[in-house]
Amino acid sequence: FRSDRKAIVRDDNHHVMGIFSNSYAIHQFQDATLDNVGNIIDNHQLVIDSAGILREGAIAWVAVSMPDNFETSAGFPVRPILLATTSHNGTIATTYKQVYNAPVCDNTLFAGLQTDGAQFKARHSKNSDMKIQSIREALDIVFTMSEDIVAEIERLSSITVTDREWDAIVNRLIPVGEEGTVAQSAISKMQNKQENIRQMYRTDPMVAPWKGTALGVLQAFNTYQHHVVGSSKTRVERNALNALNGKIERSDANVLSVINEIGRAHV
């Protein structure tokens, strides 16, 4: 074993979660999630929304939220959440970020929150800065979250998406491919995916009330990702991991980017 490397192992069963250089700094779950979040929220009226560990104890998260949902004029309730996560396998930096939950479908969404004050990250290095004041300042924490999130929902619900634009968005995000260039099985798979998401957009109570708006389009793709993609047996863990590692965030951003592009093209 190389002298410039070290293994990170669980203290209960000695499972090896990763092997890193000696400069890698361990951010203990107790410090990075529970204790830091407790200090950030102080004595404010917030509650733990969810918490857990993934990947055999290599990833942990704690999410805190206000106890009540916020209603919007679009009839789309939201609950602001402060998400704290870190890892012992090198996959996730210690991160504190603002997200929101959509209670109508229990989805996590990130749309519109990719702003300078929306998250704080600390690398697993000896010089990483884990000072609570830095975290608090970087996030402008908790009390501005509800205003920002409600404003974003209102903005998305005010953007009209025509049937023509919806078709163009679906074809851009779920390209079917042309016969002769890809296998027929691949074409059929993408056609089925398109039909599923079109049906969800038209009739699913988690999506259909906002049909014809950018909010409805985002909700369709986000809900499809949460509730349809992949095996049901691993859905809960997969959705949690996708929220922590940024996959949902990137997907939401991509959907909004395509909405903007299609909207400009059809003006």
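1. Let's start with Glu56, which sits in the loop between strand 3 and strand 4 (strands are DSSP runs of E, at least two residues, numbered from the N terminus). Glu56 is exposed, at 57% relative accessible area (exposed means over 50%, buried under 20%, partly exposed in between, with a 1.4 Å probe and protein chains only). Its phi is near 55°, a positive value in a residue other than glycine.

2. A word on what you're looking at: this is a predicted model, where local features need pLDDT of at least 70, side-chain atom pairs count only at pLDDT 80 or more, and totals for chains, interfaces and linings use all residues. Residues are numbered from 1 along each chain as its sequence is written, and side-chain values use heavy atoms, leaving out hydrogens and water.

3. Arg55 is in that loop too, between strand 3 and strand 4 (59–65). Not a glycine either, Arg55 has a positive phi of about 50°, and it counts as partly exposed at 43%. Most residues other than glycine have a negative phi.

4. Val47 belongs to strand 3 (residues 47–54) and is partly exposed, at 37%. Beyond its neighbours within four places in sequence, Val47 is in contact (heavy atoms within 4.5 Å) with Ala63, Val64, Ser65, Met66 and Pro67. Its C-alpha atom is 9.8 Å from that of Asp68, 21 residues apart along the chain.

5. Now the rings: there are 4 aromatic pairs (Phe, Tyr or six-membered Trp rings with centres within 6.5 Å; stacked if the planes are under 30 degrees apart). Phe20 and Tyr24 are stacked, 4.0 Å centre to centre with 10° between planes. Phe20 is buried at 14%, and Tyr24 is buried at 8%. Elsewhere, ring pairs join Trp166, Tyr201 and Phe221 into a cluster.

Technical notes: Rings of Phe, Tyr and Trp (its six-membered ring) pair if their centres lie within 6.5 Å; planes under 30 degrees apart count as stacked, over 60 as edge-to-face and the rest as tilted. Helices (H or I, at least four residues) and strands (E, at least two) are DSSP runs, numbered from the N terminus.
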